[in-house]
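Here's a quick briefing to read with the structure open beside you. Take it one topic at a time and find each part as you go.

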Amino acid sequence: MWKTLSKTDARKEFLTWEPEKAPEPNCEDKYMDLRKRLIEASNLTTQFLDKNESDSRKSDYLYDLKFGLEMYNILMNEYKFTPRLAANDQIWIYLSMKVVPDLVYKRWGLSESRYYKQSRRIWLKTIWWYIHLSWTNSIDETYQILRGFTTDEIVQLVERSGPNGYRIDVTREIMCQFSQVQMNKQSRNLFRRIMKLNTARIKIVEPALTKGGTKYYVEELIKYFDESPRNN
Amino acid sequence: MSSAIMFHKVLDDQLFQKIGYMPQPLKGCYINEFFEENELSIEPLEGQEKVYQLTDPKVHWDPEIHNLILSQEIVIANPVFLFNAGGLATTDSVIGVAFRWYSKDSAQYNVIQVGEISYFDVSNKVININVEISEGNLRGKVTFDIVLYLAKQGLLMKNAVAGTVLGVLENKQIIFDGESSMFPIVEINDPNKPLWWVNCDIDEPLYDQFTEDNVAIVINTGHKNSRYLKIEKGIGSSPILMEIIATGLQIIIEKVKESGDWQQILSNKSEPGSIGQAIYYFVNTFNWDVTSPENLAKSIREDFDKRF
């Protein structure tokens, strides 16, 4: 059974933390193994980026991506974590405040919203969903697909969930197809426009029920901007 | 695809009446650890339109570890009215029927095609819906709806493309965990311990979740009398199990009453999924009378006798 921490309790605990000092873990013993695994994942991520991406200008994003993939893999395969659990903010608040607060601190300092305050900004939750919504077959393949994106795409993808939840088949197809487009176009705004167009279209059509299904639907979304120079 | 889809006709009340939509009740079941199929109860919540509570008479179903199989038969008496003038699509088109489930609480949106209707279909078109949702997905409040959509765009159909939603036949919200659909029951096997007891590890009932971590009715399957409980038959078929659960819940409520948060609990100030919210729900939905221990004992049993 996963421990939870409410926003109210998180706030109380957050107020006890010393300014400019990394908060210390304060979790039940049964979480120490998970903590160890996540710390290892963070260290592995840093080593991997030093070795393979040392000249990249977007080290924060690549850290989010690589650590996110490692965390996703650990939680899903070693801890039987499910989307149902991932939809529960209070589980993420417990992990952020009690299990690995030092990792959240390393990335965001003492920004309240990244620990507990704003549902869509809780860092561990956001990067888990970013990976889940983009997952393609394996860690390596997903890394390659997402490597060319930025933190802006994390925000666009995760925060545009709409009031009714994520269409996971659609988001995965968008990320897969757009990763190929993006290499050629280098257009930062195009992704945002595609997500906006998608939001407008799903009010009228169900992507999975269109002719050619989700794959063709996403092809059409991307092609729309190819064929409409005035919108580009 | 971009602009034409804006001008299609959608199902309105008048057309809905003409087509004669006749749904059978939605049924739910799940497969347990022994690969046995177990029925679930889907009952409307009093005072809330189109909101249903899903419960397991055996108090065993857990959306984290069990799937959910939903089935429903629907009949459209006069499908011909869906086509041509006054209808939703041209006679050379095909209209699809889809089942959608979506939920902000579960952060998911899914759609599944369940049937098709053509102009040449006879009257009383029957569609059987069978949908399986795997474990680890459902949480909180989930909307289930049945929609009509354009499955195949005929040559004469100009205003909509395949995939366009043409109208909603019915929708309902079902409440899963977090709203007290389950009693926190834990089974253990220890011949040296009593048949049952209650664990209460409550610090703040307004926040502590209504889960085994904080409150649990522990049933000992290793006890010499446990065979009389007939746990596998469920609460409705086991008067002793019903008594244990009724008494266990009473103990939990009496314990919470001792806390300083009781008035806030009765004012629905508890966090979602908390012990306080569960108690508020029992009191307001099932009329449990918490004014005295004897009233509470009686009203829980009156409620259980009606429901199980």
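Let's start in chain B, where S103(B) stands opposite Q108(B) in strand β7(B). This is a predicted model, in which local features need pLDDT of at least 70 and side-chain atom pairs count only at pLDDT 80 or more, while totals for chains, interfaces and linings use all residues. Residues are numbered from 1 along each chain as its sequence is written, chains are lettered from A and ligands numbered from 1 in the order in which they are written, and side-chain values use heavy atoms, leaving out hydrogens and water.

**The hairpin in chain B**
- Strands β6 (residues 94-103) and β7 (residues 108-118) of chain B run antiparallel and are joined by 10 bridges.
- Strands here are DSSP runs of E, at least two residues long, and helices are runs of H or I, at least four, numbered from the N terminus; two strands pair if DSSP finds at least two bridges between them.
- Four residues sit between the strands of this hairpin, and A107(B) has a positive phi near 60°.

**A three-stranded sheet in chain B**
- An open sheet with mixed pairing is made of three strands of chain B, in the order β11-β13-β12.
- β11 (185-188) and β12 (196-200) of chain B each have a single partner strand, so these edge strands have one side without a neighbour in the sheet.
- From one strand to the next, the twist averages 25° (axes are lines fitted to C-alpha atoms, for helices over the stretch in contact, and angles run from 0 to 180 degrees between N-to-C directions).
- β11(B) runs parallel to β13 (residues 215-220) of chain B, with four bridges joining them.
- V186(B) has V218(B) as its bridge partner in β13(B).
- Helix α2 (residues 239-257) of chain B lies across β11, β12 and β13 of chain B, at about 25° to β12(B).

**Where chains A and B meet**
- Contact (heavy atoms within 4.5 Å) links 37 residues of chain A with 36 residues of chain B.
- Together the two chains bury about 3000 Å², 55% of it on carbon and sulfur atoms; buried area is the accessible area (1.4 Å probe) that two parts lose on being put together, summed over both.
- On the chain A side, R84(A), I204(A) and L209(A) lose the most area to chain B, together 26% of what that side buries.
- Three salt bridges cross this interface, each a side-chain nitrogen of Lys or Arg within 4 Å of a carboxyl oxygen of Asp or Glu.
- R100(B) forms a salt bridge with E206(A), with the closest N and O atoms 2.8 Å apart.
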